[in-house]
Amino acid sequence: MNFPVLSVITFTPMVAALIILMMPSHRRNETRAVALASATFALLLSVWVYFSYDQATGGYQFIEKYNWLPMLGISLHFGVDGMSAPLVLLTGVVMFTGVLISWGDEDPHVKAGIQDRPREFFAFLFLLAGGVFGVFVSLDLFMLFFFYEIAVFPMYLLIAIWGWVVTREYAAMKLTLYLFVGSVVSLVGALAMYWVQYQNTGVLSFDMLVMEKAGFSQAFQIAWFLPVFLGFAVLGGIWPFHNWSPDGHVAAPTAVSMFHAGVLMKLGAFAALRVGIMLLPEGAKYWSWLIMTFAGIAVVYGAYIAFVQTDMKYMIGFSSVSHMGLVMLGLSTLNQNGLTGAGVQMFSHGVMTALFFAVTGMIYDRAHTRMIPELGGMMKIMPFAGVGFIIGGLVSMGMPGFSGFVAEFPIFMGVWQTQWLVAVIASISIVITAAYIMINIRKVFFAELPEKLHGHVGDITVLDKIAIVTLCLLMVGLGLFPGLMVPMVQTGVENILRLLGGA
Amino acid sequence: MFTTITFASILPEVLILLLAILIFIVEPFWKAEQRRNTGWLTAGGLLAAIVLSLLFGQPGEPQTTFGGMIRFDWLGFFFKLLFMFAGAATALLFMDNEKIGQRGEAYLLLLASLLGMNLMAVSADLVMLYLSIETTSIPLYVLSGFMLKDKKSTEAGFKYLLFGALASAFMLYGFSLVFGFTGTTNLYQLVEMFQVGSLSVAAAFGVLALILVGLGFKVSIVPFHFWAPDVYEGAPTPISGFLSTASKAAGFAVLVRLFFIAFPQFAASWTLTLAILSAITMTVGNLLTLQQTNIKRLLAYSSVAHAGYAMIGVVAFTKLGVTSVIFYLAAYILTNLLAFGVVMAFSRVSGVDEIKDFAGMSRRNPWLALMMLTAFLSLAGMPPFGGFVAKVFVFAAGVEAGYVWLVFVGIINSIIGVYYYLNVMKYVYLYRMPNEDEEKHPIPLTRPYALTLAVLAIGVILIGTVFAPWFGWSDAAALTLF
Amino acid sequence: MDFISTHLLSTILFFPAAAALVMLFLPKEEAKLHKWFALGASLVPFVLSLVVWFNFNPSQPGYQFEEIYPWYPAIGSSLHLGVDGLSLSMVLLTTLLTPIALLASFSINDRTKAYMILFLFLETGMLGVFMALDLLIFFVFWEVGLVPMYFLINQWGSANRNYASLKFMIYTMGGSLGLLLAVQLLGVLFKTYDLQVITAQWSTYTAPIGGIPASTFKTVAFWAFVIAFAVKVPLWPFHTWLPDAHTEAPTAGSMILAGVLLKLGAYGFLRLILPLYPAESKYFAGALAFLAVAAIVFGAFASYAQTDFKRLVAYSSVNHMGFVVLGIAAAAFAASTADAHIALNGAILQMFNHGLSAAGMFFLVGVIYERTHTRNLEEFGGLFPLVPVYGGILIFTSMASLGLPGLNGFISEFLVVRGSFGVGVNSVPVMAVYTAVAMLGLLFTGAYILKGIKKVLHGPMNEHWAHGEHKLTEINTREIIVMVPLMVLILWIGLYPAWILDVINKAVVMLF
C-alpha cells in the first residue's frame, strides 16, 4: 500500500471546494488562486497516475480498498485500468483548463469568465470534479453511483445560476431530470444485480470485481442490460435520449460546458461500459445491434442537426451528440478495435469539445453573441483562439494527424468487423462534419468583422492562451503519436474482452 | 421485579422527567427576557440524557419489563435517541421564535410529548401503546394551536385535535377488537393467539384496517394525510418540524413493531396492500407538492411523500427492509429538521414563508443558502447527503423483496421530487429580490440557529458519507425484530 | 551525416514541417525573413531528393531507402517509407516545384508567416503520400495535405474563394470517404496496413466478407478507390471543383495544385488501384478509358469556351490529366505487355510534364494578373509588343502544354497514345476507338492553347495597357528565375527524355 493517490485525486477537489467556501466572498482573486492551485495539483497527480501506470502488467492498479459498510459489502474500492486512466487524465486537464478560463477578466468592458459569486461557482464545480474523478476510479458499484450522482446535481446549480440567461432554467432542469431518470433506472438494475449475485454466490458485495464472477444467467442479463446501459448512456448523450445535452451545453457557462461535454458525457459512456457491458456481457452481446443502431443514428443525425445550427454552442452541442455516438458505436462492436477506439475517442472528444467550448465562451464573453451569422473576423482579434478552434475543428472532422483520426479509425474498423453497413452509413457524418466546421471557421474567424462588433472586442487573456495551448498540444500529440495512449487503452480493452469471453 | 434492568429500560424517560421538573422549578425564577434560556437548558438536558442513556441505559438481550408493558431492546433505544436528539434540536429552534421562545410551558409540552414518543417506541402492550400515543399527541395538539392570536395556528391545533382524536378512536376500537378476539393485549403473546385460521379473514382485515387508520394518521400516509399541510402551515414552524420528523418516526416505530411482532403472518399477506398504500402515498404526496407555493406546505406534502418511500422498507418485510426504514427515518429526521430550521431562520428575519420570498436568499446569507441546499438535496436523494444513501437502501430492500414495480414508482416519484426541490433552490440561488439590493437585507443567524443548523447539516453529510455506523445501529435495531 | 543518410526519406519528409514549426517562433512582421526562410527550408528537401535520385539504383526491384517506424501498432499501422522509380520521380517533382512556388509567392505580403507555414506543411503532406508504403499512412498524408491547401485558397484566394475552397474540401473529403472505408476494410481483413502485404493478399482474396461474396465487395471497394482518386485527378465528371479552386487560389497555390496535388490522384491509381485490383481494373478499364477520353475531350472543349485566362488553364489540366488516366486504363487492359509499359511510361512522364507546364502556365497567368488585376481574355490583346520577354516565355510554355515536338509534352502524350493504340490494335479494339477520339481532343488542345495565346498576345492591342498608370510592365527577374528551371526541364525532357524515362521505365517494367 503506497501513497493513496487515487483517493487524494478524488478528494482534492472536494476538500478544495470546502476551503473555497470558507473563504470570504470578497477575496475573489484568492478564491481563484486556491482553485487554480488545487486544480493544478489534481492535474499533476493524474498525469503521474497516467504515466506510472504499468502497461506491461495491465489490470487494475493503484488499488485502494477500505471497507465502508461491510454488512452490505460496500467498500471504498479505488483502482484504475487502461480504460479509466486516460479519463482521469482528461478530467485533470479539463479541470485545470476550466479554472483557467473561468478566471476571466474583471475589466467591466470585457467581463469574461465568472464574475458573479466565483466562490460558490468554484465550490460547486469542484464538487462536480470530485464526483467525476470518483466515478472513474471506483471499482465498487455503490460508490460509483454515489459519485455519479455527486457529479450530476451540481450541474443544475452551475447552469441555473451562472448559465445563459435565456434558457438556463429550462435547460438546467431538463438536464437534471434526464440524467436523474437515467441514473436511477440504472440504479435499480444495479440493485437487481446485487441481489441476484447474492442468491448465486451467497456473497453480499457491491464490488465490481466480485460481481464480474457472479454468474448472472443469460435471461437475467438480457432483461437488465438495456435499463442499466441506457440509463447511463443517457448521460453519454445516446440517441434518442440526447435531447437534454445540446440544451444543457448552450445554457451552461463556459467552464461548465467544458466539463459537461468534455468529461460528464464520458462519465455516462464509461459507466455504461463498466456496469453495462462488463458486468452483463451476455446482455451486451444480445443487445449490441440495438445500441449500434442508436449510435449509428446519433452519429449521422447529430452531425446533420449540427450542420443546420446558427448558434455556435448548439452546433458544438450537436456535434458532441454525433461524436459521442461514435463512442457508443465503438462500445457496441464489443471487439478490440471498436473498444480501443471508443476509449481513445472519449479522451479525444473530451479535449476537443473542451477546447471548442472554451473558445466559444471567449468569443461570447467579448462579442456578446454566439450566432454564427453575427460574428466574423475573430482571427484578427484573437488569433490564438482562432488557431485553437481550427485545430479543434480538424480533430472534429477526423483529420489524420490529430487525435480524432486516431480514435475514429479503430472504431470504424471495429464496426467493419461487425456490421459493415453501419460503417458506411456512419461515415457520411465525416463529410457533414467537415462541412459545418469549415463553414463555421470561415464565417466566425475569417469573414469581415461586423460593424456592431467594432471596437469593443478584444484579445483573450494569457490564462486563456495557456488553456488553449494545453488542449491543442494534447490533441496534436495524440494524433501524431498514438502510442502515447493506445497501448494503455488496449490493456483495459483486453480485460473487457476477457469478460466478454475471448472474441 | 424492579431490577437495574427495569430501571435502565426507562432511564431516558426518567431523565426527561427530571429535566422537566428542573425546568418547572427554575423557569419561574427567570425574568421574561431570560426565559428563552430554557431552550439551552432543555437541549443541554436532552443531550445529557442521551449521553447518560448511552453510558448506562444500553439494552443487552431484548427483554420485557414492567410486567410486559415495555420492551427493552435496540429498536426502541435507537428510536429514543433519535427522538431526544430531535427534541433537543427543536428546543434550540424554539428559542428565537418570538411567539413561543420565551414561554417555559412550550418546552415542557415538548418534553411531555417526547416522553410519549419514547414510550411509543418501546411499548410491548396495546394498552401501553395507546397511552403513549395519547401522551405524545395531546401536548402536540396544544403546541400546534399555541399561538392563540393567530387564526391559522388555532385552526391547526383544532384540526389536529379533531383528526387525531378520530384516528385514535379508530385505533382504540381496533385494539379492543384484538383483545376481544385473543384475550391478551401483549404484543409478544399476540403472535401465538393471532394465528392464521384462528380468525376469519374478514375480521382480521377489519382489525388491521382499523389499526392502520390510527397509525396511518400518525405517519401521514395517504389517505390519512390531509391534516398535515394545514397543521404544518398553521403551527409554529418548530412544531411543524417536530411533527414531521419525530412524531412521524414514532409512528413508524410502532408500525414496524406491531406488524413484525404481533401480526407477522397477516402482515406478510398485507404487504401488497401496504405496497399500494406506499405507492399512492408517494404519488399523491409528490403531485400535491408540485403545486405548493408556500414553503411550509411544500415541506408538509413532501413529508407525506417521504412516508411513502419509507413504507417501501416496511413492504419489503425483510431485515434489510426494517434496517432501511430505520436508516431512512434517521436520515430523514436530520434532513427535515434542517429544512424546517432554515425556513424558520429565514422567516424569523423576513417574516414571510412563500417560496417566492426566498428569491435572492443566497446573496442575503450564503451559508444559510448552502444549508438549505444541503437539506433540499438530501430530501431529493442526492449524495453526499443522507437522503441518497437512505433511498438507495430502501430501494435495495424493495428490489430484494421482488417489489421492482414499487421501486420504479419510487423512482418516478423521486424524479418529481428532484424537480420541486430544485425549483425552490432556483429561487434561493438564481432569482433576485425585486428592486432591492440583497446586500442591504442580510439574514443574521442567532447563536442557537447557527449551532443547530450547523450540527444538523454536518449530521446530514455524515450520515450520507460515513454511513457504516448509522447503518450498524439501524441494523442492530432491526435485528431485535427477528 | 550518417543519420541523414540512413534517414534520408524521413528527413526529406519532415524537414518542411519542422521548418514550419520553427517559423511559428519567428516575429510576425518580418515578411522578408519569412519568405527567405521558407525558400531556404524548401531547398533542403530538394537537394536531398537529388541525393536520393543520384543514389537510386533503377534496376533494383522493390523499394529503396526504406524506413520503418512503429506508429499505431494497435491497428497494425507503421510509418513505412520507401521509394521506387515511380514515386521518386514524383518526390522530385514535389521538392522541385515547392521552392519554385515559394519563390513565386514572394509577391504575397499579407500574413506571410501563416502563408509560408501552411505551404511547408503542404509539402510534407504531399511528400508523405508519395513515400508511404503503408496504406493508413498514405491516407493520413492524403488528407493532411487538404488542410493547408484549403486555407491557402480560402485566405489568399480571390473573390469567390469561400465557395471554391469549401467545394474543394468537400469534394475531396467526400471522394475519399469511400477510400477511407475501403482502407478500413482492408485493415480489418489483414490486421496490417503494410502496402506490400496487403497487395500480395488482397488481389487474390476470395473469402466472402460479411456474407457478401468477395468479388462484389472488391468491385465496390475498387470503385471507392477510383472515385477518391478520380476526384483528385480530376476525371470527368468529378472535375467541377477544379476550375473553381484553381481560379480562386493564389498563384503559387494553383501551381502546386496543378503541379503536384493532381498527381496524387494519378499516383493513387498507379500505386494502389492497379496492384490491388488487377482483375477489376482490367474489367473496368473500358469504363475508365471512357471517362479519361471524356475528360480529354470535354476538358478541351470547356477550356476553349473560357473567357477567363486562369479557367482556361485550369480546364487544360482536366484535359492533360485525362491522358494520364487513358494510359493507365490502357495498361490495365493489357497488363504486362509492351504496349502497356509504353502507355504507363507515357502516363507517368505526362504526370511529371504536366507538373512542369501547368505550374509554369499558372504562374504566367499570375504574373499578368498581378499587373492587370484581370484575367478576362477579352480585356487583353496584342500585348506581345509591350512585354516581349513575357510573351516569349508564355509561348514557350504554351507550346509545351500543347505538345509541340521537341518539348516535353509531346514525348509523354506520344507515348500514351502510342501505348493505348498499341493495346487497341493488339488486343482490345475498343481502345483504339478511344485513342482515336482522344486524338480529337488533342486537336482541340491545340485550339484552346492557340486561342489563349492569340487573345493575350496577338490581335489588336488593347490600348488600355499601353500607357499611363495601367502601363503593363515587363516580367521581372524574380519571375524569370521562377520560370527558368521549369523551361530548362521542359526543353531537356523534350530533347533528351532518356534520363528520366530510364528510371520510370525500369520501375514500370518491374511493377506492372
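Which side chains meet in a salt bridge at 3.3 Å, N to O? They are Glu169(A) and Lys426(B). The model is predicted. Across the interface of chain B and chain A, the rule finds one salt bridge.

| Interface | Residues in contact | Buried area | Carbon and sulfur share |
|---|---|---|---|
| Chain B and chain A | 44 residues of chain B, 38 residues of chain A | about 3,800 Å² | 84% |
| Chain C and chain A | 34 residues of chain C, 35 residues of chain A | about 3,100 Å² | 80% |

**Chain B and chain A.** Seven residue pairs are in polar contact here, both residues at pLDDT 80 or more. Helices H15 (361–364), H16 (366–380), H17 (386–400), H18 (404–429), H19 (447–465) and H20 (468–479) of chain B each supply at least two residues to the side that touches chain A. H18(B) gives the most, with 12 residues. By class, this side of chain B has 33 nonpolar, seven polar and four charged residues.

**Chain C and chain A.** The area buried between chain C and chain A is about 3,100 Å². In chain C, Trp71(C), Tyr72(C) and Leu181(C) lose the most area to chain A, together 18% of what that side buries. The largest share, 14 residues, comes from H8(C). This side of chain C divides into 24 nonpolar, seven polar and three charged residues.

Definitions and conventions
Residues numbered from 1 in each chain as written. Chains lettered and ligands numbered in written order. Predicted model: local features only at pLDDT ≥ 70, side-chain atom pairs only at ≥ 80, totals over all residues. Heavy atoms only, no water. Contact = heavy atoms within 4.5 Å. Buried area = accessible area lost by both parts, 1.4 Å probe. Helix = DSSP H or I, 4+ residues; strand = E, 2+ residues; numbered from the N terminus. Nonpolar A, V, L, I, M, F, W, Y, C, P; charged D, E, K, R; others polar. Salt bridge = Lys/Arg side-chain N within 4 Å of Asp/Glu carboxyl O. Polar contact = N/O pair within 3.5 Å; in protein donor to acceptor, adjacent residues only side chain to side chain.
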